Amino acid sequence: FISNFIFGQGPWTPWQMFALGLIGFLAGLIFSKGRLPVKRLPLCLFGGLSALLIYGLFMDTSSVLLMTNLLSGQSAVAIYLAGLPFNAVHAVATVLFLAFLAPFMIEKLERVRSKYGLLGNQ
């Protein structure tokens with residue numbers, strides 16, 4: 001939502017929505033069943049890797065498919081390499097935000113879980 005305010009909406013918006021939905025789905029699978037503990041370090045690692053590998057690759061793939069007239073391996077590699085610095089900054093920012101905000105987010109999620117019996121092991 002915030003990304004659309006900053007970067008505007010366009011043909012890439014469904015790609016953003018799908019990538020972020022996939023990240024949320026994977027986070028639910030990984031953290032709700034206790035596969036990983038809901039602690040600061042696992043959240044930071046998951047956030048950084050998902051921003052870099054899932055969101056970044058989806059958005060770069062959208063650029064390859066939507067912004068080039070002639071698909072070629074060279075243009076795809078150029079777009080992926082050009083997107084790498086932005087994706088790396090996005091991943092680092094995600095890790096930093098999670099490092100500072102994870103305790104507060106975990107506390108809120110625990111309150112919801114205890115109040116409504118949701119979010120994983122009951």
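A76 sits in helix α4, where a helix is a DSSP run of H or I with at least four residues, numbered from the N terminus. The model is predicted, so local features need pLDDT of at least 70 and side-chain atom pairs count only at pLDDT 80 or more, while totals for chains, interfaces and linings use all residues. Residues are numbered from 1 along each chain as its sequence is written, and side-chain values use heavy atoms, with hydrogens and water left out.

**Overall layout**

- The chain has four helices and zero strands, a strand being a DSSP run of E with at least two residues.
- From the N terminus on, the order of elements is α-α-α-α.
- The C-alpha trace spans about 55 × 25 × 25 Å along its principal axes.
- Of the 122 residues in the chain, 26% are buried; buried means under 20% relative accessible area, exposed means over 50%, and partly exposed is in between (1.4 Å probe, protein chains only).
- Among contacts between residues at least 6 apart in sequence, 62% join residues at least 24 apart; a contact means heavy atoms within 4.5 Å.

- A76 counts as buried because its relative accessibility is 16%.
- A76 and V112 are 36 residues apart in sequence, and their C-alpha atoms are 43 Å apart in space.

**Nonpolar core**

- The largest nonpolar core holds 10 residues: A19, I23, F31, L43, F46, I54, Y55, M59, A102 and I106.
- At least two residues of this core come from each of α2 (13-32), α3 (40-67) and α4 (73-116).
- Helix α3 gives the largest share of the core, with five residues.
- Such a core is a set of buried Ala, Val, Leu, Ile, Met, Phe, Trp, Tyr and Cys residues joined through side-chain atoms within 4.5 Å.
- Leaving aside residues up to four places away in sequence, A102 touches R40, L43 and F97.
- In soluble globular proteins, nonpolar side chains tend to be buried together.

**Aromatic pairs**

- There are two aromatic pairs in the structure; rings of Phe, Tyr and Trp (its six-membered ring) pair if their centres lie within 6.5 Å, and planes under 30 degrees apart count as stacked, over 60 as edge-to-face and the rest as tilted.
- F18 and F58 form a tilted pair, 5.3 Å centre to centre with 45° between the planes.
- This pair links distant parts of the chain, since F18 is in helix α2 and F58 is in helix α3, 40 residues apart.
- F58 is partly exposed, because its relative accessibility is 24%.
- The ring centres of F31 and F46 are 5.6 Å apart and their planes stand at 85°, so this pair is edge-to-face.
- F31 lies in helix α2 and F46 in helix α3, so the pair ties together parts that are 15 residues apart in sequence.
- F31 is buried at 12% relative accessibility, and F46 is buried with a relative accessible area of 16%.

**Nonpolar surface patch**

- V92, L96, F97, F100, L101, F104 and M105 make a nonpolar surface patch of about 750 Å².
- Patch residues have over 30% relative accessible area and no salt bridge; nonpolar side chains (Val, Leu, Ile, Met, Phe, Trp, Tyr) are joined within 5 Å, and like charges within 9 Å.
- A salt bridge is a side-chain nitrogen of Lys or Arg within 4 Å of a carboxyl oxygen of Asp or Glu.
- L96 has its place in helix α4 and is partly exposed, with a relative accessible area of 46%.

Terms used: Accessible areas come from the Shrake-Rupley method with a 1.4 Å probe; for residues, only the protein chains shown count as cover.
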